[in-house]
Number of protein chains: 4
Amino acid sequence: MACGKCLLCRTGEAHICQNVKIIGVDADGAFAEYVVIPESNIWKLDPAIPQEYASILDPLGNAVHSVLAGEIAAKTVAITGCGPIGLFSIAVARAVGATTIFAIEVNEHRRRIARDMKADFALDPSKNDVRAIVMEQTDGLGADVVLEMAGHPSAIRTAFDIVRRGGRVSLLGLTSKPISLNFSEDIIFKGITVQGISGRRMYQTWYQMTALLKAGKLDLHPVITDRIGMRDFAKGMERLKTGEASKILVYPNGTQ
Amino acid sequence: MACGKCLLCRTGEAHICQNVKIIGVDADGAFAEYVVIPESNIWKLDPAIPQEYASILDPLGNAVHSVLAGEIAAKTVAITGCGPIGLFSIAVARAVGATTIFAIEVNEHRRRIARDMKADFALDPSKNDVRAIVMEQTDGLGADVVLEMAGHPSAIRTAFDIVRRGGRVSLLGLTSKPISLNFSEDIIFKGITVQGISGRRMYQTWYQMTALLKAGKLDLHPVITDRIGMRDFAKGMERLKTGEASKILVYPNGTQ
Amino acid sequence: MACGKCLLCRTGEAHICQNVKIIGVDADGAFAEYVVIPESNIWKLDPAIPQEYASILDPLGNAVHSVLAGEIAAKTVAITGCGPIGLFSIAVARAVGATTIFAIEVNEHRRRIARDMKADFALDPSKNDVRAIVMEQTDGLGADVVLEMAGHPSAIRTAFDIVRRGGRVSLLGLTSKPISLNFSEDIIFKGITVQGISGRRMYQTWYQMTALLKAGKLDLHPVITDRIGMRDFAKGMERLKTGEASKILVYPNGTQ
Amino acid sequence: MACGKCLLCRTGEAHICQNVKIIGVDADGAFAEYVVIPESNIWKLDPAIPQEYASILDPLGNAVHSVLAGEIAAKTVAITGCGPIGLFSIAVARAVGATTIFAIEVNEHRRRIARDMKADFALDPSKNDVRAIVMEQTDGLGADVVLEMAGHPSAIRTAFDIVRRGGRVSLLGLTSKPISLNFSEDIIFKGITVQGISGRRMYQTWYQMTALLKAGKLDLHPVITDRIGMRDFAKGMERLKTGEASKILVYPNGTQ
C-alpha cells in the first residue's frame with residue numbers, strides 16, 4: 001500500500017514508495033479471515049485467465065518486473081534461486097525471447113520444477129561447476145543477464161562471477177547478512193549494471209501479465225505443486241520447507 | 001559499406017552513416033559474378049544455423065532491428081506489408097514476447113504466408129475494416145507497436161490510424177510519394193513516437209539473429225517459398241511480382 | 001484533468017489519458033471568476049520561487065517536458081517558433097547542457113526576446129537561409145534535436161530539413177492543416193525519431209521545474225513582457241497578437 | 001587499446017573490451033620518450049579549445065561518461081572523492097543541469113578546489129555529518145545521483161547511505177579491498193541502480209567534450225593547479241601526494 005504522496009509515488013515509482021506499508025507486515029495480512037485493502041490495489045481477473053492463477057499473480061508480477069527491468073530479448077539469462085519467483089522468471093524470460101536459460105538451485109525438488117519450466121540448464125551449485133558451464137555455453141563471455149533470487153551469500157557471489165562484461169545483475173533475493181564484494185573486479189572493470197528490485201510496478205505488471213497469460217505465453221502449472229484443503233495447512237507448510245512444494249493452492253472448503 | 005569516419009559511424013550508428021555506400025546501388029552488387037566487400041562486412045555463419053538461412057540473414061537483420069527498436073514484450077503488434085521483412089518480423093515479434101500480431105497485406109499469397117508464420121490475424125485492408133478489428137482486439141486502445149513495411153500511402157495511413165496513444169510507429173517501407181498527415185491528430189495528441197528505420201546495426205543484429213536462430217526461436221521456412229536453379233531465374237522473378245513467391249533461393253548449380 | 005482509470009493513466013502517461021478533459025475546453029476555464037479543479041491538480045509553489053512565476057509554470061512545464069523528452073546534454077538544439085513555450089525551451093535547453101541553440105521565428109519581437117533568453121542564433125526564416133546556417137554551425141551534420149513549437153507548415157518543413165541523421169524532432173506546435181512529407185527522405189533514410197508531445201508529465205515536471213528554478217538555473221523574466229491591471233485586458237490581448245507581448249501578467253486589483 | 005573483435009567492441013562497448021590493453025599497464029606508457037598508439041586512438045584537438053586542456057581530456061572524458069551514464073538534468077548529485085575526475089565531474093554535472101552538487105572529500109586542498117569548481121557544498125566526512133546534510137538539503141530523500149570516485153571503503157559506504165530510493169550510484173573509484181554491504185537495505189529495498197564505470201566511450205565522449213568546451217560550458221582551470229618544467233617533476237609528484245596539486249601540466253622545455 002503506497003502513500004500516493006511522495007516523490008516516488010508521484011513519478012511512477014510507487015513500488016519503492018518512501019512510506020510503503022506491506023500487508024502482512026505493517027497491516028493485517030491475508031491469513032486473516034477478512035482483510036481491508038485500498039480499492040486501487042484490487043485488480044479484476046480477466047475471465048480468460050485460469051482462476052487458480054489469481055492466487056499467484058503477485059509473485060508472477062515480481063518475476064515480470066525483474067525480467068523486464070532491462071533488455072532481455074536474444075540474451076542469455078541465469079537465475080540463481082528457484083523459489084516461486086525464480087521459477088516464474090524462467091517462464092517469463094522464455095516468453096520474451098531469452099535464448100539460453102540457466103537455473104541455479106541447490107534443492108533437487110526445485111531443480112526438477114525448473115526443468116519442467118523448461119530451463120535449458122538446471123544446475124546444482126553444490127555439485128556442478130556453475131561458472132565453467134555458463135562460460136562454456138556463452139563462448140567465454142558469461143550470462144548477459146543474471147536474476148539473483150536466492151538471497152544466499154554464495155548465490156550472490158555466483159551472480160557476480162557469471163555475469164558478462166556490460167551485463168546486468170538484478171537483485172531480488174533478500175538476505176540479512178552483509179555480503180562482501182571486490183567492487184573493482186566484480187562491478188567496475190566489468191562495467192556491469194546492478195539493480196535493486198523491490199516489489200513491482202503494480203498496474204504495468206498487471207497489464208503485462210494479463211497480456212502474456214491471455215496469449216498463452218506462460219505455462220505456470222509446474223509451479224503449482226499442491227492443491228490442499230484448509231485442514232491440511234500444516235502439512236503443506238512442511239512440504240514448503242523441504243522444497244517438495246513450490247506454490248500450494250489452499251481451498252477453504254476443500255478441494256472437492 | 002559505412003565510411004567509418006563520420007559522427008554516426010563513431011557513435012554506434014554506422015547503419016545511418018553520412019556517407020554510406022550501398023552494394024548494388026553505389027557499388028557493384030551481388031548479382032555480379034564476383035563481388036568485393038570490406039572484411040568487416042563478412043560474418044561467419046554459425047554451423048548450428050541451417051545453411052540456406054545464410055542468404056536471408058540480411059533482411060532478417062532488418063526485421064530484428066525494427067522489432068527491437070523499442071519495447072515489444074507483452075505488447076500488441078501490427079505489421080503493415082508482408083514482404084519478406086514484414087514476414088520475418090512476425091516471427092521475431094512472436095519470439096520476443098509480442099502477444100497479438102496483426103499482419104495487414106492486400107496480396108492473398110502473402111497473407112497466407114503470414115498465417116503460416118503464425119500471425120494471429122492476417123487482414124486484407126481492401127476487404128476488412130482493419131481499424132475496427134484492431135480496436136476490438138485491443139479493448140479500444142489500438143496496437144502498442146506498428147511496423148510499417150509496405151511503403152504504400154494507404155498502409156502508412158493505416159499505421160497512424162491503428163497505433164494507440166503513447167505507442168510506436170516504426171517506418172521502414174520506402175515510398176517515393178509524399179504522404180500527407182494531420183500532425184495534430186495523428187502524432188501530437190496521441191503522443192506517439194515515430195521512428196525512421198534504415199538498415200540495421202550490423203554486428204548487434206548478427207549477434208541477436210545468431211542467438212535467436214540457435215535457440216530455435218525462429219522458424220523462417222514459410223518465407224522460403226521457392227528453391228530454383230539459375231536457369232529458372234526469370235520464372236522466379238515472375239513469381240516474386242505476383243506475390244506467390246516471397247524469398248527464392250537460387251542455386252548456381254541447380255537444386256540437385 | 002486525467003481520468004485516472006485508463007491504461008495510460010495507470011502506467012505513468014496520464015498526460016495522454018484516453019479521456020482527458022481540458023480546463024477551458026471540456027470544462028469551465030480559468031477566465032471564470034471561480035474554477036473548480038481536482039485536488040491532485042494543485043501544486044503548492046515553493047516559497048523560494050518568485051510568486052509571479054506561478055502563473056507561467058504550466059507552459060514552462062511543457063517546455064521542460066519537451067526538452068527532456070530525449071537526450072539533450074552536449075547537443076545542438078533548434079527551436080522553431082518562439083511563443084512562450086518556445087522561449088522557455090531556450091532557457092531550459094541552456095540549463096541542461098545544450099551547446100548551440102538556434103531560435104527560428106518570423107516575428108521580430110519574438111526574435112528579440114529569444115535573443116534576451118540567450119539563444120545563440122535568432123533566425124528569421126523569411127530572410128535567413130536557416131538550413132545553410134544550421135549546417136555551417138554543425139559541421140554539415142544538422143541539429144541534434146529540433147523542437148517544433150510553431151505549428152506552421154513551413155516551420156514543420158524546416159524542422160525536418162535541419163535535423164541531423166539519427167536526430168530527434170519533437171512536435172508540439174498544433175496545426176489544423178495536413179502536412180505533406182517525403183517519408184523516405186525526411187524520416188527513414190535519416191533514421192530520425194519523431195515524437196508527438198502533448199501536455200506534460202504533471203508531477204515529474206513540477207519537481208523538475210522546482211529544482212531548476214530554486215537552483216537559479218532559469219531566468220524567465222524576458223518572457224514576461226507586460227504587467228497590467230484587469231482594466232487593460234483588451235490592450236494586452238492586442239499586444240499578444242502583434243507579438244510585442246509574450247506572457248502578460250494580469251493583476252486583478254491593478255499592478256500598483 | 002581495444003581489440004576491435006569482441007562482442008563488446010562490436011556493439012559499441014569497446015570501453016569494456018574483453019581484451020583491452022591499457023597504455024602504461026599492458027603496453028609502454030606515455031612517460032616514455034616515444035609512444036606508439038593506434039591511429040584510431042588519436043583525436044585532433046579543435047583549435048577553439050585551449051591547448052593546455054589537451055593533456056586533461058582523457059580524465060575529463062571519464063567524468064563526462066560517468067555523469068551522463070544516466071539521467072542528470074534537474075537532479076541533485078553527490079560526488080565522493082575529489083581527485084581530478086571528481087573535480088571535473090562537478091563542472092560537467094553543473095553544465096548539464098544538476099541542481100545541487102555535494103562534493104565529499106577529506107583532503108582540505110581538494111575541498112578548496114571543489115569549492116572553486118562551484119560545488120554547492122564541499123563536505124569533510126571526517127568532520128561533517130554528510131548524511132544529515134544531504135538529507136536536510138533534499139527534503140529527506142537523499143541525492144538522486146551519487147558518483148563514487150574515491151575508491152575508499154568509507155566513501156563507498158557513504159555513497160549507499162546518501163543515495164535516494166530509486167536513485168543511481170555510479171562506481172568509478174577503484175579499491176583493492178573487498179567491501180561489505182547489506183544488499184537488502186542498501187540496494188534492494190531502495191530500488192537503486194548501481195553502475196560499474198570503467199573507461200569511457202571514446203568517440204562519444206570526444207564529441208561531447210568538444211561540444212561542451214567550445215560552448216564555454218566548462219571552466220576547468222581550478223583543477224590545473226601547477227605548471228612546471230620537467231626538472232621540477234619530483235616536486236610536482238610530492239604536491240600530488242599531499243593533495244595540494246590536482247592536475248599538473250609538465251612542460252618539457254620549461255614553462256618560460
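**Reading surfaces, contacts and salt bridges in a predicted model**

Q: What does Met230(A) count as at its relative accessibility?

A: Met230(A) counts as partly exposed, because its relative accessibility is 46%. The class runs between under 20% for buried and over 50% for exposed. One caution before we go on: this model is predicted. As for its place, Met230(A) sits in the loop between β8 (224-229) and α9 of chain A.

Q: Which helix gives the largest share of the nonpolar patch?

A: Helix α9 (residues 233-242) of chain A does, with three residues.

Q: Now to contacts between chains. How much area do chain D and chain A bury between them?

A: Start with the general idea. The size of an interface is often given as the accessible area lost when the parts come together. Here chain D and chain A bury about 3100 Å². Carbon and sulfur atoms account for 62% of it. On the side of chain D, Arg165(D), Phe183(D) and Ile188(D) lose the most area to chain A. They make up 21% of what that side buries.

Q: By what turn and shift can chain D be laid on chain A?

A: A turn of 180° does it, with a shift of 0.0 Å along the axis. The RMSD is then 0.0 Å. Ser180(D) comes closest to the rotation axis among the residues of chain D, with its C-alpha at 2.0 Å. The copies also share a surface: 100% of the contact residues of chain D recur in chain A.

Q: What about the other pair? What relation holds between chain B and chain C?

A: Chain B can be laid on chain C by a turn of 180° and a shift of 0.0 Å along the axis, with an RMSD of 0.0 Å. That is the relation of a two-fold axis. In chain B, the C-alpha of Ser180(B) is nearest the axis, 2.0 Å away.

Q: Why do the copies B and C meet through the same surface?

A: Because 100% of the interface residues of chain B are also interface residues in chain C. The contact takes 38 residues from chain B and 38 residues from chain C. About 3100 Å² is buried, 62% of it given by carbon and sulfur atoms. In chain B, Arg165(B), Phe183(B) and Ile188(B) lose the most area to chain C, together 21% of what that side buries. The count of salt bridges between chain B and chain C is zero.

Q: Where are salt bridges found, then, and how many are there over all chains?

A: A search of the whole structure finds 52. One of them pairs Asp58(B) with Arg200(B), with the closest N and O atoms 3.0 Å apart. Asp58(B) lies in helix α2 (residues 57-67) and Arg200(B) in the loop between β7 (193-196) and α8 (202-214) of chain B, so the pair ties together parts 142 residues apart in sequence. Asp58(B) is partly exposed at 45% relative accessibility. Arg200(B) is buried at 10%.

Q: Which parts of chain C do Arg94(C) and Asp120(C) tie together?

A: These two form a salt bridge, the closest N and O atoms being 3.0 Å apart. Arg94(C) lies in helix α3 (residues 84-95), and Asp120(C) in the loop between α4 (108-116) and β3 (121-123), so parts 26 residues apart in sequence are tied together. Arg94(C) is partly exposed at 24% relative accessibility.

Q: Which residues are linked in a network of salt bridges in chain A?

A: Arg111(A), Asp124(A) and Lys127(A) are. The side chains of Lys127(A) and Asp124(A) meet at 3.9 Å, N to O. Lys127(A) is exposed, at 71% relative accessible area. Asp124(A) is buried, at 6%.

Methods. Residues numbered from 1 in each chain as written. Chains lettered and ligands numbered in written order. Predicted model: local features only at pLDDT ≥ 70, side-chain atom pairs only at ≥ 80, totals over all residues. Heavy atoms only, no water. Least-squares fit on C-alpha atoms with pLDDT ≥ 70 in both. Contact = heavy atoms within 4.5 Å. Helix = DSSP H or I, 4+ residues; strand = E, 2+ residues; numbered from the N terminus. Buried < 20%, exposed > 50% of the residue type's maximum accessible area, 1.4 Å probe, protein only. Buried area = accessible area lost by both parts, 1.4 Å probe. Salt bridge = Lys/Arg side-chain N within 4 Å of Asp/Glu carboxyl O.
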